[in-house]
Amino acid sequence: MTRSSRKYSNYLVAVIVLIFSVSCKHNTIKPDRAFYYWRNGFSLSNKDVAYLKDGGVTKLYLHFFDVGWNAEYQRVIPVDEIKIDSNADNMFQYIPVVYIANKALEETAFDSIDKLSRHINAEIKHVAEVHKIIYKELQFDCDWTDGTQKKYFKILSYFHKELKKSGIILSSTIRLHQVKYAEKTGIPPVDRGMLMFYNMGKINAIAGYNSIYNERDANNYASYVKTYALPLDVALPVFGWAVCIHDGKVTGLIEKAVDADFADTALFMSGGKGIFVSRKAFFLHGRYFMKSDSVKMERISPDICEDAAANINKYLTNEKRTVSLFDYDSLYLSTYEKKDLEKIFALSN
Amino acid sequence: MFEDILNYPTSFFAPEITHGNKYRLFYRSYHFLYASPDNNKYDEFNFKESYISDFNTINIREWGTYFQNHVLENDLKYILYKARLGEIDTLIFTVKKPGYPISNSLSDNSILKVSDTRSALDFLYYAGFAKRCEKYATYQPDDWYYDRNKPDTNDPINKKDEITLLSNGGLKQLTNAKSDFVKQRYAFQVLRLYFMAGEYDKCVQFYNAQKSIIESVLNSICYRAKGYLAGAYYKRKDFANANYLYSLIYDQYDTMKISAYFSFHPQEENDWNQTLALAKTSREKAALWQMLGIYDDPLRAMKEIYTLDPKSDLLDLLVVRAVNEEEEKFIYQPGEYGDGYIDSASVIKSKEVNKELVDFLRSVADNGNTAKPYQWDLAAGYLSWASGDDAFEKYLDKAKAEAHGDSLVQDQIRLVQLVGLVNSGKAGDKKFEESFLPEITWLNGNHPKDFRSQAAQDFIKANLTKKYAAIGDTLKAVCLAGELNKQTKGFRRLLDRLLVFMNKPNKTGFEEYALGQLLYGESDILEIEALKPFYNKDFKGALAILGADAGNGPQATYADPFVIHINDCHDCDFLDKKQKTYTKRSFIERMIALENKVKSDPAQVADTYFLLANGCYNMTYYGNSRVLYETKLSRVSDDFFEFHDRSDSSEVDNMEGYFSCKKAEEYYRKALASSKDAEFKAKCYFMIVKCEQNETYNQGNSSGEFSVPEYYDTLKSEYSSAKYYHEIINECEYFRDYLKK
């Protein structure tokens, strides 16, 4: 670090501490309420709309597509592009989100990054145009590494410049390790960061341990949020999954799993603490279970989400921000009533 | 070697003992597949990305056989993969009517020499048809959707009419063709067209209607057709049929073994049971179980196959996979070591071994009714040992006798016996040490690449280190561990003891072995010990420690430590090939000679002091020969801050001396005092300024700014008339800045 940058960052810390110290009691500015919509098929029933409106939700982050590497064609291509069934009318503000896989960046030469950026830009515009989506913000999601950081940031710089012309905000998802090790991982060149306040622990076989959110792991990171050099929005989890375990070791994850998936007592018995143990060897949904394999349910209940909201709020400054729940899926949201949403969003105030 | 280490987990057991080359890629690996013999064709996961060139080669060969090798392969290749449609038409006309106008190159094609013109025409008509199908068969979606006109006009799914027309043409030609060989190929093309057009029901109907033709020759086309049929079933979510077909391809056609394996995905218990019911023979059933065994459950699979056919070769792979998978549980793997490498790497986790697996292996071994009994005896013996059962020897002895001509198997047995001997051996027991020696000498020798001696060597060293440490034989434990830790309490004393041990006469064979594991020789240790006096600038003391030979090591200085410049530009000195370089020893000897010269040659004393000063300066962190600080336990770096962090320092380091320019300054002052030459004095004085400036860094001045202005005052007031003074102004920015103030 050069002297001048050190001086500058000290100054920055001083300013942030000052702001924080006068404002940490109450965050009085109400956040915008949002959801991530991460499934490919975008379709909102009247019931969905009523649920969202009722919860005061004004924004939806729509997963437009992934930028992935296709080994068969040996090319970087968009995958899992969104299919929009219902008309994306103006009931909500839509924010396109594009996930960039590290592999796609690894396979693209640094000199070709601008070309890739142009492709991505045209693709986003194309999808937005087809579905008549007007957006005021665009978000990229990438768990960049040492090896891909420069390329990812180059893409962001390209869009930063592009979007400035039309006054569109550019944001990037920020993972907790990127906050804690910001000096090493770098600050992405964007207007805002979306802090993903979940997936903080190592997925393991320990009963009762929740890797999606638990306070102990959260506290390893949360204090660093204060000094992060970007204005932050916050994403909180409302999802769950099942961790597959064989011989005490994690062998996989079943996304979007709920207890009912393991309710067949001919196949599973309950092992307590959200664990199901297989009674014999069998196939289920494309997965082979050996006798005595187990699945551990990890799920974010409204209570846990409220804890997460209250926890992160302690470290946030009093600024206008968006609080977005990940993700919109009735599978899990059936247990989230209006009062729960109110509480979660209120705690993020 | 490096690739092998990354290829599979830590293991003592070579799956190659099964000699199942056909299944080599399915040996247990970190990756999807075991390292392939031909790495170029596979990506970093050992996964093959394209089969096109394989299929092309095979296709050409099959046509060659069709023509009884009367047509050159290159000519077939040209017609099948390079020729334009017009050229194929020309060849057809020429066959039909010799004398038809034709280019020279085309007229040389040996297809025109085939006497059976009907066969040649069938081939050429087919080649033309295949070419028309090609654009549908090789269709790939565009990279980016946005620059497509919707819908994608190239996608065969949107070209149903054209495809119907083309496939009808193909069917007609199928009828006209003379041989089953050609008919089969037309059927394949039509089937593939349906598949590419997304007409999966039609695919299934067509295959069944043409089954006798498609399966009339069991060649590449037959199995590729089965692949499309399986794909069609899969698209229809008929997983039972799809997986059954994939298992047939997997078991019967090696070229597609891998891709069929990766396509095999039973979904629910129901469809898996249906797939099993579809299998017509024991072999077909066993192949299904083998795939399940590779994916998920080797023990269950082995039991099923063994019941179907104890002599099935499909068992072989599963036995070695089961052993390797089990090893991952009872041998500590990298990443599980935690803080204590020795504590982990020395241990066999016997309790982790799956007893049910061991029981099964033993019962099959006892029955002795498999095709390769040695394999079962070896596996049963090895895993019995790993589980802590003393009955293991019996099985190993049996395996030894059964595979007496098989050197890899014999070596494998010997290795298991050796790790067994070590694991149960007692430290300090002479009998154990004696029986161990010839075995470890053998293990440390050369072996075939597949043999997994490295992990066994590591285990043995760790195991013995722990045992000898436990009985208080520190010297052997330290040697066996290989690495020295200079932070150990009483490290300097330990080094002395090691030196004594190294020079002990009449060492036992085991002592020699233990010493052989230590990564440091006598001169390495002497250099480490000499570091203290050397960097205290006590050169005679250092030489006394180095003795007669040490310090002659390959690490020479990169530049002449007796030259000095206004700016310390090490790279410039390194690049100057005319500079004389020194070993640690020759440097020390020159310094001692210069010390003696001070007394013996008073006329030269100023110059001698100056050279001594340069030597003392250049051996420090600031000089061009800081590399003199390097030993096997101390290194130098360009990063000042890293080396100012002395947390790594130990009783054998001399960080103070490494940074200190005090001795150099003392000599520069003596040189200054001994000379009357104004130029020389200016030079000495400037070097004194540098030493003082460096001392401020040593005291924690991290700004890099100049901080001894009083010395510049003197430089300016006393030496400004010297020519050298102006050289300083030219070269030294600090000094220029000072003068501007």
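This is a predicted model: local features need pLDDT of at least 70, side-chain atom pairs count only at pLDDT 80 or more; totals for chains, interfaces and linings use all residues.

Visitor: How many helices and strands does chain A have?

Guide: Helices (H or I, at least four residues) and strands (E, at least two) are DSSP runs, numbered from the N terminus. Chain A has eleven helices and 18 strands. Its radius of gyration, taken over C-alpha atoms, is compared with a globule rule of 2.2 Å times the number of residues to the power 0.38. For chain A the radius is 21 Å, close to the 20 Å that the rule gives for 349 residues, so chain A is as compact as a globular protein of that length. The C-alpha trace of chain A spans about 65 × 50 × 45 Å along its principal axes.

Visitor: How many residues of chain B are in contact with chain A?

Guide: Two residues are in contact if their C-beta atoms, placed from the backbone, lie within 7 Å. By that criterion, 18 residues of chain B are in contact with 20 residues of chain A. For classes, Ala, Val, Leu, Ile, Met, Phe, Trp, Tyr, Cys and Pro count as nonpolar, Asp, Glu, Lys and Arg as charged, and the others, Gly among them, as polar. The side of chain B that touches chain A has six nonpolar, three polar and nine charged residues.

Visitor: Is F35(A) buried or exposed?

Guide: A residue is buried if 20 or more other C-beta atoms lie within 10 Å of its own, exposed if 12 or fewer, and partly exposed in between. F35(A), found in strand β1 (residues 32–37) of chain A, has 25 other C-beta atoms within 10 Å and is therefore buried. Not counting residues up to four places away in sequence, F35(A) touches several residues, including L52(A), V57(A) and L60(A). F35(A) and L60(A) are 25 residues apart along the chain, and their C-alpha atoms are separated by 5.1 Å.

Visitor: How do helices α11(B) and α12(B) pack?

Guide: Two packed helices are described by the angle between their axes and the distance between the axes. Axes are lines fitted to C-alpha atoms, for helices over the stretch in contact, and angles run from 0 to 180 degrees between N-to-C directions. Helix α11 (residues 220–235) and helix α12 (residues 239–252) of chain B pack at an angle of about 160 degrees, with their axes 8 Å apart. Angles under 35 degrees count as roughly parallel, over 145 as roughly antiparallel, 65 to 115 as roughly perpendicular and the rest as oblique. The two helices are therefore roughly antiparallel to each other. Among the residues that meet are Y223(B) and L229(B) in α11(B), and F239(B) and L245(B) in α12(B). By class, this contact has eleven nonpolar, two polar and one charged residues.

Note on methods:
Residues are numbered from 1 along each chain as its sequence is written. Chains are lettered from A and ligands numbered from 1 in the order in which they are written.
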